[in-house]
Amino acid sequence: MLLRRILVGAALLALLSWLALRPPPQDARETELVERNLPVLGTWVTLSAYAEDPALQTRVQRAFDQVAQQLADFDTRWRAFGDGTLGRLNAELVAGDSIRVPQDMLPLFRRAFEIHRISGGLFDPRIGALVRVWGFDDEAHYRESPPPQAEIDTALAALREAPESLQACPGSGEAEQDCYGPAPGVVLDFGAIAKGYAVDQVGERLLAAGIENFMINAGGNVRTQGRRGDRAWRIAVRHPRPEIGRLLAIVEPDNENLVTSGDYERYFEYQGRRYHHILDPRDGRPAQGLQAVSVLSADGTLADAASTALFVAGPGHWRDTARKLGVGQSLIVKADGALQATQTLAARITLPAKPPLEVVP
């Protein structure tokens, strides 16, 4: 199918772009770079660590083994549909029951609903039914044309009737226990925040293992820590329209996360129009007005959710939404290809093609 080919092609393009930016193999630093590629979280996750000491390289490999299992478990647990924990909770919600949030899932549940509130609903973890209506939940459901409006309206009606926040469970007293629902027809989907959270968790595990110089590249979510030998880690932001240019920008984060959301990751074209996976919870349709949003932050969970919220906010409101969320470093590609960046990030990025850039306060 067209969308499947686009998705596979995008993943390969991202991997090839990253490979192309690496220093040549004869660089001595290559022998000190330990890497692992993992097909998980719906993308290729690449773990890289700079380690000169052979003993440290062995420790890195052991840590990567643990991370591989950690990510596989996370992937299963947080899938919106299926037999994982969240899938089972969603089945209860759809049936009209309330759910009790498992203790170890509380931090991400609370963070997601907090960002939902602060963003004024532009980021919405309750959007799973709409994602499925549009066919972006699974390869097997990919569409080649928009869904009927009646299906969108049904999912929107359930969303509007559903609680906007978590509630204390009945009888939980002082205990840390949150519930949600009842919310018939609602499906919780953390796809716009879970990858950032997972990258944060992996980073903490590597730091706890004594690994101080690494990069985690999970598709559009990249975290760096420390340095790559005698230089900083370098991240290339791909251009959302490859026919215009391969690279949009180059950033050298300082123990930070760079997260990019764009209309080029999962999409299909119908009658000359692009329908992508970043849905506006206000009308249930793909958000309009932007091609891509990149957010740089020390908080990967926030950066992930914020990149979606800013994209949904659109060209007229992304800056106000960023202020509400406490995001100070953003790069925007508008629908017409024009670039905007906050003053702080504009001073830190390199634009290889040197296009006009509007700097906003």
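**Close-up views of side-chain contacts**

A search of the whole structure, a predicted model, finds 10 aromatic pairs (rings of Phe, Tyr and Trp, the last by its six-membered ring, with centres within 6.5 Å). Residues are numbered from 1 along each chain as its sequence is written. In this predicted model, local features need pLDDT of at least 70, side-chain atom pairs count only at pLDDT 80 or more, and totals for chains, interfaces and linings use all residues, while side-chain values use heavy atoms, without hydrogens and water.

**View A. The aromatic pair of Phe268 and Tyr275.** The two rings are stacked, 5.3 Å centre to centre with 15 degrees between the planes (stacked means planes under 30 degrees apart, edge-to-face over 60, tilted the rest). Phe268 is buried at a relative accessible area of 0%, and Tyr275 is buried at 9% (buried is under 20%, exposed over 50%, partly exposed in between; 1.4 Å probe, protein chains only).

**View B. Arg274 over the ring of Tyr267.** The charged end of Arg274 sits 4.1 Å from the ring centre (a charge sits over a ring if NZ of Lys or CZ of Arg is within 6 Å of the ring centre and within 35 degrees of the ring normal).

**View C. The salt bridge of Arg241 and Asp263.** Their side chains meet at 2.8 Å, N to O (a salt bridge is a side-chain nitrogen of Lys or Arg within 4 Å of a carboxyl oxygen of Asp or Glu). Both Arg241 and Asp263 are buried.

**View D. The salt bridge of Glu256 and Arg348.** The N to O distance is 2.7 Å. Glu256 is buried, at 11% relative accessible area, whereas Arg348 is partly exposed, at 29%.
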